[in-house]
Amino acid sequence: MFQPRYLDHNATTPLAPAVLAGMLPWLESLCGNASSRHEYGRRARQAIDEARQRVAAAVNAHPTEVVFTSGGSESNNLFLKGAAASLKPGLLAVSAVEHPCVLKPAAQLARQGWAVRQIAVDAAGRVDLTDYAEVLAGKPKLISVMSANNETGVLQDVAALATAARASGAWFHSDAVQVLGKLPLDFRVLNAAGVHALTLSAHKANGPKGAAALVLDKRVELQPLIAGGGHERGLRSGTENVPAIVGFGIAAELAAQRVAELPMRMKVLQGRLEKGLQALGATVFAVDAPRLPNTSYFAFADIDGETLVGKLDREGFAVASGAACSSANPEPSHVLRAMGVAPEIARGAVRVSLGADNTEVDIDQLINALQVTVGRLQGLTAVAV
């Protein structure tokens, strides 16, 4: 009997039952616009306020520091473009392993007069501190370094990086969408170290798609991307997506509750998985760096990652390819390229990202499937050679 196993939680996560239950009334019978002055509107406003409090509490921020957006991409764009619009063009520094929703707005700002510098990483995917010191010597005005990489799971010491950047006076932002629910997040501690903004996203933590937040130090002045009715302190106009925001609040609360025990359980599963992968001859990336406890990124020699993902999908395992491959773009992952991984290895990259419902049985069945599938593919490669 076909029993699919979902192992792609860094892409998105299943909606938690409690989140769905909290959202349903706002999808079925509660229809108020939070800007309306009548009872329906007041109830919607109260629901948003409660969700804001929950999201803030989950990361030890003040509710007034939480700006709701439609997704992590919008939050990252809001910070980078909004801050840039409030400053004279200068140096913008982003790590070489950022998500495209940081790299692409940075490229857009480069066309508007900003000098954009990518911060190098070492072979394990960590920010290269020598290169970072050179960046800081250039007195950057804006810096963005992600807290955890979506492909490798590598954790950056953003508190230390932000502290080092203080002398430059730079505004420091971190994309933390992969951290919520997997490891503790404390905006107050990070803010004291010099981090001015964090990006969060609901659907990465068993919440709904379409809701996210920029947690923002109120001393930082941003120009809005969307002008309109002045919602979200004037930083993000547009009628609020009440059901999704309500769901985000509940998901954030649940995420904060489970970080006391979930990381240890996922770390055990990660170790079991990687032991099996290495026994099969896989290269596991970034094993020498601190990583998210749910993420394993690997490749087998002479096997294309997209091909392996497709074969595993037919066996009932949902995993992700690390290559941004298409007929028009055969390039391997920019993250692995930045780490100095050879292109022929990088094109084989596959990511497994675990969630709260995954078990040892899932891991063992995946390893068994890989043993058969990889053996067949390597046999075909040998015949072709």
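**View 1. Salt bridge between Arg236 and Glu74.** In this predicted model, the side chains of Arg236 and Glu74 form a salt bridge, with 2.6 Å from N to O. Arg236 belongs to the loop between β8 and α8 and Glu74 to helix α3 (residues 72–85), so the pair ties together parts 162 residues apart in sequence. Arg236 counts as buried at 17% relative accessibility, and Glu74 is buried as well, with a relative accessible area of 14%.

**View 2. Salt bridge between Arg52 and Glu232.** An N to O distance of 2.8 Å joins the side chains of Arg52 and Glu232 in a salt bridge. Because Arg52 lies in helix α2 (residues 39–58) and Glu232 in the loop between β8 (212–216) and α8 (242–258), the contact ties together parts that are 180 residues apart in sequence. The relative accessible area is 13% for Arg52, which is buried, and 9% for Glu232, also buried.

**View 3. Helix α9 and its buried face.** The end C-alpha atoms of α9 (residues 262–279) are 26 Å apart, in agreement with the 26 Å that its 18 residues should span. Buried residues of α9 include Leu262, Met266, Leu269, Leu273 and Leu277. Seen down the helix axis, the buried residues of α9 fall within an arc of 155 degrees, so they line one face. Met264, Val268, Lys275 and Ala279 are exposed on the other side. Gly281, with a positive phi near 95 degrees, follows α9.

**View 4. Salt bridge between Arg291 and Glu274.** The side chains of Arg291 and Glu274 meet at 2.7 Å, N to O, in a salt bridge. Arg291 is in the loop between β9 (283–284) and β10 (295–299), and Glu274 is in helix α9.

Notes. Residues are numbered from 1 along each chain as its sequence is written. This is a predicted model: local features need pLDDT of at least 70, side-chain atom pairs count only at pLDDT 80 or more; totals for chains, interfaces and linings use all residues. Side-chain values use heavy atoms; hydrogens and water are left out. Helices (H or I, at least four residues) and strands (E, at least two) are DSSP runs, numbered from the N terminus. The expected span of a helix is 1.5 Å times one less than its number of residues. Buried means under 20% relative accessible area, exposed over 50%, partly exposed in between (1.4 Å probe, protein chains only). The arc is that of the directions from the helix axis to the C-beta atoms. A salt bridge is a side-chain nitrogen of Lys or Arg within 4 Å of a carboxyl oxygen of Asp or Glu.
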